[in-house]
Amino acid sequence: MHRHQNPTSLPSRSSRAATGADAASSIPSAAGKRPEKRPALTLIAALLPLVLAACATNALRADNQEAQAVAQQTVQAVEAAASAVPSPATPVARVATAPEEKLDVLLEDNLNPGEKVDLDAPKTHVDLWARMRAGMAMPELDNDLVRKAEDWYSTRPDYVARMTGRGSLYLYHVVEEVQKRGMPMELALLPFVESAFRNDAQSSAKAVGMWQFMPATGRDFDLKQNIFRDDRRDVLASTKAALDYLQRLNKMFDGDWQLALAAYNWGQGNVSKAVARNQKAGLPIDYDSLRMPDETRYYLPKLQAVKNILMRPEAFGIQLPAVANHPYFLSVNIDRDMDVTRAAQLAELDEETFRQFNPSMNKPVILAASSGQLLLPYDNASTFVANLEKHRGPLASWTAWVVPKTMKPADAAKQVGMSEAGLREINRIPARMLVTQGSTLLVPRTASRDQDVSEHLADNARIGFAPDVPPMRRVTLKANKGDTVASVARRYRLGTTQLAQWNRVSTKATFKPGQQVVAYVREGQQLAAVEPSATTSKTTAKGTKSGKVTKVASSAANKPAKAGAKTRSAKVAASDGKGGRTVATKTALR
């Protein structure tokens, strides 16, 4: 009997274990007498939960093995039928409007270069889910967390329908890559757990795409991330990178796929430390024995639950959409920059659908030098080629411009002929920020600026910002005896933390007498030192006493000196508060 065909017919594993223990303890004793100790019954009561758990695991394994056997027979029968039918000399094009030579190239499978796509071949009619069931190879996991995940998915059929609907667009390509590498087919289910097969998914930790790559890990596997594109969202590139990463992890953990998956979720360093910790303590080093965060502990059970639903969807009340065993989309090469809206129009797709297949584009223009190809549904790919051949006029209305110097967005907008608001919006320039020299901005094409973006710029484009504040100049002051960071900051009305950072010391540091203390002030700003007199001040003409106020005058001489320039002196006015004497004090300014 399938575990979930009749939810009320069998108690859960935990309830069955409790039932067994209760049965053993409720055996009646002799009338009115104290029950005798019965070692055999005690042993049975202790072993019964383990026996039931083993039976449950065996039942799960048997159910999945039965489903796998049926799937293998189906796939073998279809493959046998396919081999008995001679392949046509040339593929039959479903849309014959494109030039023959271009359509012939177009109909190649992008995962298998040189192999033509024939949608009428017998093997294309096998359900892809059956092919996946036949390739399952990982050990079965059966515990309460698996039950929890099964319940979560099975009570949300609408969510599962959306998830599998999205996945059906990309599953063939993932399955092909997994099978070509001889990896367990369970790995093709991983995007269901990672992102529900959403290629625009982004976690709070900045993991992106349907395989949820962190920025650094993505760069390790050559997934480019710049202002024009993010390959972590690219269906083919991210799938290749994810399987490369999983193969590396599997090798690192001696072929243990469960540990490899834990490392994919938690990080290889963390899993290695957990393994080393258990080895040192003489404990097992399998997935169930390691100490790990709850998220990672629940990670593999979620994958097992998705696998169980795939193997026996009817047992969970789930209907899986039919997925044909052929590419859902093809790659089409482009050799000119092209607006996203224009490409969608040529493919006769709405822009949202177009972006489902080309989610790595960060800007409204596709750079031929960067991606070089579009992914399009089969029929739309042929339509795109035909319409592109007939198209007359520009394909792109945007290009890239490198900022020659640090400048205000308003000045940059004026130079490229667009509004400041438009420049800020399309390039995501924050408020109160300057665009730094060497930044790449997306700007409208003009007669003098109509070239496609170069490969170097497409792959290395960056944008930098600097606060839009007055320029700062560096000032050095001499510390007095007993001066601390706090006292100097107080004297010159500066932030203690900021002064400490400028001088690379702690906020509690003490300066030596005469030591140079670095500070930064805005251009044109006066740095005023307010300090009470350390000794009794001289009596003024009226017999009163006053504090001494020292002001560092702002002048042209206070601008930062060039390297190798001589130290200049700034005038420091020492006033007795009545406009009296003025003395010259040397304060080094650089």
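A helix here is a DSSP run of H or I with at least four residues, and helices are numbered from the N terminus. The model is predicted.

**Exercise 1. Find which helix gives the most to the lining of the second largest cavity.**

Solution. 
Step 1. Start with the space itself. The second largest cavity holds about 70 Å³.
Step 2. List the lining. It is made by Met138, Pro139, Leu141, Glu186, Gln258, Leu300, Leu303, Gln304 and Lys307.
Step 3. Helix 12 covers residues 294-311.
Step 4. Conclude. Helix 12 gives the most, with four residues.
Step 5. Sort the lining by class. Five residues are nonpolar, two are polar and two are charged.

**Exercise 2. Describe the largest cavity: its volume, its lining and the classes of its residues.**

Solution. 
Step 1. Count the cavities. There are two of 30 Å³ or more.
Step 2. Take the largest. Its volume is about 80 Å³.
Step 3. Name the lining. The residues are Trp129, Tyr153, Val160, Met163, Thr164, Leu189, Phe192, Val306, Ile309, Leu310 and Leu320.
Step 4. Assign elements. Helix 6 (157-180) and helix 12 (294-311) are the elements that give two or more residues to this lining.
Step 5. Sort by class. The lining of the largest cavity has 10 nonpolar residues, one polar and no charged.

**Exercise 3. Decide how helix 13 lies relative to helix 15, and name the residues that make the contact.**

Solution. 
Step 1. Locate the helices. Helix 13 spans residues 340-347, and helix 15 spans residues 378-390.
Step 2. Read the geometry. The angle is about 105°, and the axes are 7 Å apart.
Step 3. Apply the cut-off. Angles of 65 to 115 degrees count as roughly perpendicular, so helix 13 is roughly perpendicular to helix 15.
Step 4. Name the contact. Helix 13 brings Ala343, Gln345, Leu346 and Ala347, while helix 15 brings Asn380, Thr383, Phe384, Asn387 and Leu388.
Step 5. Sort by class. This contact of helix 13 with helix 15 has five nonpolar residues, four polar and no charged.

Note on methods: Residues are numbered from 1 along each chain as its sequence is written. This is a predicted model: local features need pLDDT of at least 70, side-chain atom pairs count only at pLDDT 80 or more; totals for chains, interfaces and linings use all residues. Side-chain values use heavy atoms; hydrogens and water are left out. Axes are lines fitted to C-alpha atoms, for helices over the stretch in contact, and angles run from 0 to 180 degrees between N-to-C directions. Angles under 35 degrees count as roughly parallel, over 145 as roughly antiparallel, 65 to 115 as roughly perpendicular and the rest as oblique. Contact means heavy atoms within 4.5 Å. Ala, Val, Leu, Ile, Met, Phe, Trp, Tyr, Cys and Pro count as nonpolar, Asp, Glu, Lys and Arg as charged, and the others, Gly among them, as polar. On a 1 Å grid over the protein atoms alone, a cavity is a set of points where a 1.4 Å probe fits but cannot get out, and a pocket is an open set with protein on both sides within 12 Å along at least five of seven lines; lining residues have an atom within 4 Å of a point. Grid points are joined across faces, edges and corners, and a volume is the space filled by probe spheres set on the points.
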